[in-house]
Amino acid sequence: MYLSSISVPCPGIFYSTSARDGTLSRIRIPGGIVTIGQFRIVADLAEKFAASYVNITNRANFQIREVHTQINPEVLHQLREAGLASPIPGVDHLRNIMGSPTAGIDAEELIDTRSLIRALDNYITTHAELAPLSPKFSIAVDGGSALKVCDRPNDIVFSAVEISTQIYFHLKLNLGESFLNTGILLQPQACVDVVGAIAKVYLQYSALEPEKVTGYRKSRKLRLFEVLHNLGRERFLQEVESHLPHSLQQLPNIRTSQVIQPYLTRYLHLGVHPQRQQELSYIGVVLPLGKLETWQMHGLADIAQGYGIGTLRLTPWQNLLLTDIPDQYIHEVKSKIEHLDLHWSPTKIHSAFVACAGSTGCASSATDTKNHALKVAEYLDQRITLNQPVNIHFTGCPKSCAQHNNADITLLGISEEKYHVYAGDSDNESKFGQELYQSVAFAELPSLLEKILQVYTAKRLTRHESLGEFANRYSITELQDMVEEERGDTGDKGDTGSHCALTG
């Protein structure tokens, strides 16, 4: 049965959410891997029932906005048959399982996580008793590849580690503002049982009377980290162990710094990269603000069918990978990508722009973030050449739905045409880093960002220092003084004639 406009935090295909621009639906893609057949089905769905585009989310879901026609039961049956919808509607809204987009093709990975992700997804989507889980119940599986997801916000993280030539998964749990490195090492085949046990503990204790369980924030359902806080680390793990046929092995001689090594690898996937398979490469394709028109989707599917093995990979950074491309066809494929009005270069300004739905789609947003981000990107793209991505994040409210980790620059909408400007992350009292400017009119933002980038280029320590790292080396006053000096050197702050080449 199709449930229209149900108010749940994380909608699925059966559980839609009303938004300012129509109904919103999401399709879970475990590990982000999708076949060309599934890709085309989603394109056709968006074309028939919505506005002929989809978004890739920061959990590597498909998100279909502006749905104005109810998706009928026959279509939902087809989605199930294609593996795009859960056989149990009650669990379809649970969060997507996150994995490295390069699982199985990265030469650095310790273990290919694709089969484990499939097993975890099969467990979740075939157990109706999991329906009462918080819709934000989330899992990440990191196989130790160069493109890591172990530092992404998830309730449960399995991170691969090698101990005496044996591969284990280290269990890490979200504490809300930080992570608990449990020291527990699991055989890969034990991870599904552990997720089931954790789910049982959550369901048991989140169902207690409200006065017996203290919530850390107002929400419809407790989060897993709230149950963990209420029970305490030792008791929580004891309760989990009570639901398992085996003991949880903690190895005190394994330091957590050896087990969890998160890296800032958000944009390593863009461009052309060799695979572990000889004479094959993958191409990371930039999707401006995670948006794909349906005609572009069919074009990408044609490329994957003609040059690859018939799959595409969505990333948690709202881009996608075309994989298994024979090296002799790389130039040809890059040309075809460009003919779709897309690009693959990590040095393009669009490559690291992120924006939430904005005021056109979300009542919580103070600003039209997506349109503003596109206008700023167009302005900077004509004036700036990057040698590495600069992550610029537009968010219409403090919830920061589109990006939960720090950006190089964050622009927080506060009124219809004004933003606070943040850089770096050294200010622990601020969610977004150091606040450089308050209430900047949108009309002034493009030139201000241009000057910030010019200062960064001129004064960074090395050509590989990120803008966030650069900003962290200075106080707010020092950064402001350098930007104002640059604005003074170029005359009128509205000047659009300068050119900045970020080539170090």
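Select Phe62 in this predicted model and display its surroundings: leaving aside neighbours within four places in sequence, Phe62 is in contact with Ser25, Arg26, Ile27, Ile29, Val34, Phe39, Val42, Val54, Asn55, Ile56, Met297 and Leu314. Then widen the selection to the largest nonpolar core, which has 45 residues, and in which Phe39, Phe62, Leu300 and Leu322 touch the most other members. Helix 1, residues 36–49, gives this core its largest share, seven residues. Apart from this core lies another one of 43 residues, and Ile124, Val141, Ala160 and Leu228 are among its members.

Next, select helix 9, residues 330–339, and colour its buried residues, which are Ile330, Val333, Lys334 and Ile337. Viewed around the axis, these residues cover an arc of only 100°, so they lie on the same side of helix 9. An α-helix has 3.6 residues a turn, so residues three or four places apart point the same way. Turn to the other side of helix 9 and you will find His331 and His339, which are exposed. To see what covers the buried residues of helix 9, show strand 11 (271–274), strand 12 (280–285), helix 8 (294–307) and strand 15 (320–326), which are included in that cover. Before leaving, select Asp341, which follows helix 9 and has a positive phi, near 60°.

Now move to the aromatic rings, of which the model contains seven pairs. Select Phe394 and Tyr419, an edge-to-face pair with 5.7 Å from centre to centre and 85° between the planes. Because Phe394 lies in strand 18 (residues 392–395) and Tyr419 in strand 20 (residues 418–423), the pair ties together parts that are 25 residues apart in sequence. Both Phe394 and Tyr419 are buried. Tyr422 and Phe432 make a tilted pair, with 5.5 Å between centres and 50° between planes. This second pair also links distant parts of the chain, since Tyr422 belongs to strand 20 whereas Phe432 sits in the loop between strand 20 and strand 21 (434–441), ten residues apart. Tyr422 is buried, with a relative accessible area of 7%, and Phe432 likewise counts as buried at 7% relative accessibility.

Finish with two places where a charge meets a ring. At Phe179, the charged end of Lys172 sits over the ring, 4.1 Å from its centre. At Tyr456, the charged end of Arg460 sits over the ring, 4.9 Å from its centre.

Note on methods:
Residues numbered from 1 in each chain as written. Predicted model: local features only at pLDDT ≥ 70, side-chain atom pairs only at ≥ 80, totals over all residues. Heavy atoms only, no water. Core = buried A, V, L, I, M, F, W, Y, C linked by side-chain atoms within 4.5 Å. Buried < 20%, exposed > 50% of the residue type's maximum accessible area, 1.4 Å probe, protein only. Helix = DSSP H or I, 4+ residues; strand = E, 2+ residues; numbered from the N terminus. Contact = heavy atoms within 4.5 Å. Phe/Tyr/Trp six-rings, centres within 6.5 Å; stacked < 30°, edge-to-face > 60°. Lys NZ or Arg CZ within 6 Å of the ring centre and 35° of its normal. Arc of directions from axis to C-beta.
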